[in-house]
Amino acid sequence: MLEKDIKIELIKRGLKPSDIYKLLEIERAHFYQAIRSTNLNNKTLLKILDYLNLEISVSLKHKDK
C-alpha cells in the first residue's frame, strides 16, 4: 500500500531498502511485507516510518461519477 511512496522517499534521501532493514535489524522479507501491508498498525511498518520520520495521513474525497 505504501511501498511506492516509501521507495520514492528512500530515493530522495539517497538510501537503499537494504540500508534501512539492516540498520533496523529487520529481515529483508519482513521489510517488504511491511511496506506492502494494508495494516496501518503493522509494528514493522511503524518502525520503518518512525526511522524515516514519516507519518501516515488519510483523507476522504468524493468519487467521480
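How many helices and strands does the secondary structure of the chain come to? The count is 4 helices and 0 strands. Here helices (H or I, at least four residues) and strands (E, at least two) are DSSP runs, numbered from the N terminus. From that end, the elements run α-α-α-α.

The model is predicted: local features need pLDDT of at least 70, side-chain atom pairs count only at pLDDT 80 or more, and totals for chains, interfaces and linings use all residues. Residues are numbered from 1 along each chain as its sequence is written, and side-chain values use heavy atoms, with hydrogens and water left out.

**The chain as a whole**

The C-alpha trace spans about 45 × 25 × 20 Å along its principal axes. The chain has 65 residues, and 31% of them count as buried. Buried means under 20% relative accessible area, exposed means over 50%, and partly exposed lies in between (1.4 Å probe, protein chains only). The accessible surface comes to about 5500 Å². Carbon and sulfur atoms hold 49% of that surface. Accessible areas come from the Shrake-Rupley method with a 1.4 Å probe; for residues, only the protein chains shown count as cover.

Contact means heavy atoms within 4.5 Å. Among contacts with a separation of 6 or more, 53% come from residues 24 or more positions apart.

**Helix 1 against helix 3**

Two packed helices are described by the angle between their axes and the distance between the axes. Helix 1 covers residues 3–12 and helix 3 covers residues 28–36. They pack at about 115 degrees, with axes 8 Å apart. Axes are lines fitted to C-alpha atoms, for helices over the stretch in contact, and angles run from 0 to 180 degrees between N-to-C directions.

Which residues meet here? Helix 1 brings Glu 3, Ile 6, Lys 7 and Leu 10. Helix 3 brings Phe 31, Tyr 32, Ile 35 and Arg 36. The residues of this contact divide into 5 nonpolar, no polar and 3 charged. Ala, Val, Leu, Ile, Met, Phe, Trp, Tyr, Cys and Pro count as nonpolar, Asp, Glu, Lys and Arg as charged, and the others, Gly among them, as polar.

**Salt bridges**

Side chains of opposite charge can pair when their charged atoms come close. A salt bridge is a side-chain nitrogen of Lys or Arg within 4 Å of a carboxyl oxygen of Asp or Glu. By this rule the count is 3.

| Salt bridge | N to O distance |
|---|---|
| Lys 7 and Glu 3 | 3.0 Å |
| Arg 36 and Glu 3 | 3.2 Å |
| Arg 13 and Glu 9 | 2.9 Å |

Salt bridges that share partners join Glu 3, Lys 7 and Arg 36 into one network. Lys 7 and Glu 3 both lie in helix 1, 4 residues apart, about one turn of the helix. Glu 3 is buried, at 18% relative accessible area. Arg 36 lies in helix 3 and Glu 3 in helix 1, so their pair ties together parts 33 residues apart in sequence. Lys 7 is partly exposed at 32%, and Arg 36 is partly exposed at 47%.

In the pair of Arg 13 and Glu 9, Arg 13 is partly exposed at 36%. Glu 9 is buried at 17%.

**A nonpolar patch**

Leu 46, Ile 56 and Val 58 form a nonpolar patch on the surface. Together they have about 250 Å² of accessible area. Patches are made of residues with over 30% relative accessible area and no salt bridge: like charges are joined within 9 Å, nonpolar side chains (Val, Leu, Ile, Met, Phe, Trp, Tyr) within 5 Å. Leu 46 lies in helix 4, residues 43–51. Leu 46 is partly exposed, at 39% relative accessible area.
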